Amino acid sequence: MKPEQSLIFELSRPGRSAYSLPVCDVPEEEAIDSLIPAGLLRSEPVLLPEVSEVDVIRHYTALSRRNFGVDNGFYPLGSCTMKYNPKINEDVARFPGLAKIHPYQPEESIQGALELMYTLQKDLAALTGMDAVSLQPAAGAHGEWTGLMMIRAYHESRGEKRTKVIVPDSSHGTNPASAAAAGLETVTIPSNAKGMVDLEALKAAVGSDTAALMLTNPSTLGLFETQIVEIAEIVHEAGGLLYYDGANSNAIMGITRPGDMGFDVVHLNLHKTMSTPHGGGGPGAGPVGVKSILIPFLPQPTVVQNEDNSFSLNYGGPESIGRVKAFYGNFGILVRAYAYIRTYGPDGLREVSENAVLNANYMMHRLAPYFEIPYPGVCKHEFVMSGRNLKQYGVRTLDVAKRLLDFGYHPPTVYFPLTVEECMMIEPTETESKETLDGFIETMIRIVKEAQETPEIVINAPHTTEISRLDETQAARKPVLNCSCG
Amino acid sequence: MKHRYLPMTEQDRQEMMEAVGIQSMEELFIDIPQSVRYQGTMPMSEALDEYALLRHMKELADKNANFDTHASFLGAGIYDHHIPVVINHVISRSEFYTAYTPYQPEISQGELQAIFEFQSYICELTGMKVANASMYDGATAFAEAAVLAAGATKRKKLIVSRTVHPEARQVLATSAGAWGLEVVEIDYKDGVTDQAKLAEAIDGDTAAVLVQSPNFFGAIEDLGAIEPLIHSVKGLLVVSANPLALGVLETPGKLGADIVVGDAQPLGIPASLGGPTCGFFAVAEPLMRRMPGRIVGQTVDRNGKRGFVLTLQAREQHIRREKATSNICSNQALLALCASVYLSVMGKEGMREVGELNIRKSHYAAGKLGELTGAAPAFTAPFFNEFVLKLPEGSNVSEINSKLVKEGYLGGYDLGRDYPELAGHMLVAVTEKRSKSEIDQFATVLEGCL
């Protein structure tokens with residue numbers, strides 16, 4: 001067993017340092033407390049580790065080796081679109097003219113940045129079939145909240161009090177949480193036997209208090225809502241708007257667009273569909289597209305092109321919902337997404353989605369003999385299957401996930417959606433080869449055999465990782481949330 | 001031409017279609033009604049080859065003045081600090097940047113430990129007991145702090161100083177509207193929150209007082225004097241802080257803050273036109289289970305070995321849905337890593353030294369620029385690395401800044417944008433990067449632009 005990984009604080013030795021600062025070339029005769037009253041200064045020094053530069057590099061390199069990213073291997077985490085993160089995007093985002101620029105520089109000195117944002121707004125509007133796009137939101141959930149705030153403002157501008165947001169039971173947890181944060185109430189409706197929105201339940205749920213229906217399409221089950229046109233009609237007839245959760249957009253680029261399906265607002269997760277890296281949990285970007293009726297409510301600011309072809313920030317009119325984030329969104333992520341779009345172009349993006357969908361269907365068909373597929377037929381970019389056939393051997397879906405770690409795979413999303421028992425949600429993405437998919441499929445088949453013949457191997461997995469299963473109950477009951485080394 | 005990110009060959013495609021039992025790709029999309037199918041080519045930017053894309057991006061980049069081409073005296077929330085070289089090497093390790101949120105702890109110990117160390121660093125800097133894994137930015141962290149305070153106190157009135165960053169106040173206004181909270185703004189006096197007006201505004205309905213220190217004008221607020229005003233009515237004190245300043249300034253925790261938020265951009269994060277940066281969020285222990293966002297905790301594995309997991313998840317959207325403490329999911333983990341590496345590099349001595357450098361250089365600059373004909377420091381309150389310079393009567397700061405850009409400088413923020421009474425006032429930031437000669441030359445060039 002490998003020894004425990006030290007905390008950076010545990011490496012500290014008084015007198016070591018890793019920093020090199022510019023010299024002090026201004027007068028320094030005066031004591032600091034003659035410039036700032038002593039009462040405002042720290043009474044005790046800040047207790048940070050004292051380490052050398054080599055210590056820093058070795059420490060973080062050691063941590064990185066205890067982490068698994070897309071570059072390490074297959075990462076079929078459903079609804080997260082763990083596709084390859086192109087390296088050119090990383091390089092261009094680091095160009096000094098894009099990385100070392102200040103949001104408050106005179107507009108004439110950031111024309112290249114504004115041009116990039118303006119073009120990206122237009123490209124994303126074309127991709128989603130929307131009339132305008134705001135690049136402000138920092139993540140998908142932030143985009144949801146922004147979109148719902150616009151929907152709320154729209155209804156209020158018409159003198160209507162609409163407070164209910166309808167979501168299917170298979171929706172992402174962020175949907176109801178975003179509704180609550182926008183001061184709206186959630187109404188959850190059941191899916192039908194085919195995993196689709198139950199039209200009768202929807203009809204019963206809509207009314208004069210309906211603000212919006214939030215829908216992920218394809219859904220978290222990987223299924224396209226075949227009745228989307230009827231759904232849109234029902235909601236619109238009741239006076240509500242349709243919100244498109246773009247988490248699963250990787251399935252539909254160039255094939256169908258939320259705007260054409262009848263959605264009024266859409267967010268895209270650039271850190272999913274547009275290949276920007278997830279960064280171990282962020283930063284993402286969640287631009288929001290809207291139909292023309294919602295343009296007055298867009299958050300501030302957006303980028304506009306002037307008559308002389310220069311670009312400016314536009315702070316919008318009185319109906320804008322206001323500001324949702326400091327400055328202009330996660331610009332560094334927007335740069336990467338723009339480079340991605342320019343790498344593929346519109347036809348290339350369509351090929352991306354086609355390949356993502358074929359990969360998912362191929363895996364579903366090959367795994368179907370070994371797992372229960374609750375919704376057979378065609379799936380889109382991802383599919384769900386149930387591991388409940390393994391329960392008879394005492395093996396749970398969580399055990400299968402942990403066993404996959406021993407074979408060098410990141411497991412699928414598990415136990416979501418909540419509507420499928422012992423659920424596994426698999427999203428291969430388009431950047432994986434057939435050999436990679438076959439390797440994973442063979443491994444899954446092997447794990448099924450193990451579950452039948454030697455279940456303890458699966459139940460006690462993982463066996464090869466740095467660390468075995470962790471006591472999450474203890475972590476929550478007696479929280480140790482910092483090292484208190486200071 | 002085969003696309004370089006798409007490994008599927010024509011033969012693969014045929015074999016896979018056969019396995020699925022379809023004759024054409026079209027069959028995979030039969031579930032999408034024809035009426036909503038997109039026909040033709042979307043009107044988007046065209047594809048470029050790798051070399052053409054590099055050139056195109058370089059062209060866009062070269063249209064922007066940047067910190068390499070211009071000496072920056074611009075701050076107002078985003079600062080041009082020296083970024084230690086090792087940071088980019090660490091965050092360029094793709095095990096970090098190509099990973100998702102650490103849902104599988106056995107293969108995510110690196111990220112989880114990095115977050116745990118980040119939380120520890122934030123606690124040490126702020127003097128607070130508990131910190132989360134990060135927020136989108138300082139402004140959204142500020143708004144979330146207000147919402148938390150309202151929830152914890154079951155009160156709806158928030159008192160915010162006008163010396164808080166205008167954009168943080170704007171984000172708060174958006175959030176407060178959604179939650180039905182009342183926001184009362186308190187004016188400033190000599191560059192800091194007017195304590196008499198603050199005392200007058202606080203009452204038994206006040207959920208929290210929210211201040212920033214160093215504030216938007218760079219001035220250091222007297223937190224020790226504000227604290228008893230709000231705690232006497234059992235409201236909460238929320239402080240937005242510059243984490244770089246906390247290497248030398250007294251911690252808000254020690255001065256009685258209940259929630260401390262801010263933006264970690266000064267800690268080794270590129271300016272990037274203002275994003276992505278990294279919000280931080282720290283609270284006193286009683287508020288722990290009300291915190292938004294991811295939190296990492298220490299625990300043990302089956303062999304008793306120390307390890308780290310995402311914890312207290314009963315607060316979060318994927319468990320609690322509409323009852324979650326926040327809707328935040330993705331945060332800014334990679335930038336939190338930047339901040340952690342920065343703090344590891346700087347250490348105890350470096351954080352003190354960089355803080356003192358900022359104080360000395362900005363004070364030198366304040367003296368120098370204050371000597372310009374018709375100009376003077378606007379306030380006398382103590383400041384960290386940023387101060388307000390009153391320019392001669394009738395000066396137009398935005399026009400001056402346009403002239404300065406042509407001379408190779410990014411001038412200070414035009415305060416007239418947000419404070420009509422401060423038209424003709426420039427908010428000047430001076431970090432450790434500015435040399436004496438740059439400051440002297442800036443003074444000369446600025447004088448020429450007046």
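Tutor: Contact means heavy atoms within 4.5 Å. The model under discussion is a predicted one.

Student: With which residues is A:Lys272 in contact, leaving aside its neighbours within four places in sequence?

Tutor: The partners of A:Lys272 are A:Ser79, A:Cys80, A:Thr81, A:Lys83, A:Ala247, A:His278 and B:Tyr100. A:Lys272 itself sits in the loop between strand S6 (265-268) and strand S7 (288-290) of chain A. The UniProt annotation "modified residue: N6-(pyridoxal phosphate)lysine", from an unreviewed entry, covers A:Lys272.

Student: Why is A:Lys272 called buried?

Tutor: Buried means under 20% relative accessible area. The relative accessible area of A:Lys272 is 8%, and therefore A:Lys272 is buried.

Student: Why is B:His82 called partly exposed?

Tutor: Partly exposed lies between buried, under 20%, and exposed, over 50%. B:His82 has a relative accessible area of 29%, so B:His82 is partly exposed. Its place is in the loop between strand S1 (71-72) and helix H3 (85-91) of chain B. Leaving aside neighbours within four places in sequence, B:His82 is in contact with A:Ser20, B:Tyr342, B:Glu432 and B:Lys433.

Student: What makes B:Arg306 and A:Glu10 a salt bridge?

Tutor: A side-chain nitrogen of Lys or Arg must be within 4 Å of a carboxyl oxygen of Asp or Glu. The closest N and O atoms of B:Arg306 and A:Glu10 are 2.9 Å apart, and the pair forms a salt bridge. B:Arg306 lies in strand S12 (residues 306-310) of chain B and A:Glu10 in the segment before helix H1 (32-35) of chain A, so the pair joins two chains. B:Arg306 counts as buried because its relative accessibility is 17%, while A:Glu10, at 37%, counts as partly exposed.

Student: Why does the pair of B:Asp137 and A:Lys325 join two chains?

Tutor: B:Asp137 belongs to the loop between strand S2 (130-131) and helix H6 (138-153) of chain B, and A:Lys325 to the loop between strand S9 (311-314) and helix H11 (331-367) of chain A, so the pair joins two chains. The closest N and O atoms of this salt bridge are 3.1 Å apart. B:Asp137 counts as buried at 0% relative accessibility, and A:Lys325 is buried, also with a value of 0%.

Student: How many salt bridges does the rule find across the interface of chain B and chain A?

Tutor: The rule finds eleven salt bridges across that interface. One of the salt bridges found joins B:Asp68 and A:Lys100, with the closest N and O atoms 3.0 Å apart. The contact takes 186 residues from chain B and 207 residues from chain A.

Student: What is the area buried between chain B and chain A?

Tutor: The area is about 17,400 Å², of which carbon and sulfur atoms give 62%.

Technical notes
Residues numbered from 1 in each chain as written. Chains lettered and ligands numbered in written order. Predicted model: local features only at pLDDT ≥ 70, side-chain atom pairs only at ≥ 80, totals over all residues. Heavy atoms only, no water. Buried area = accessible area lost by both parts, 1.4 Å probe. UniProt positions renumbered as here; feature names shortened; annotations may be inferred. Helix = DSSP H or I, 4+ residues; strand = E, 2+ residues; numbered from the N terminus. Buried < 20%, exposed > 50% of the residue type's maximum accessible area, 1.4 Å probe, protein only.
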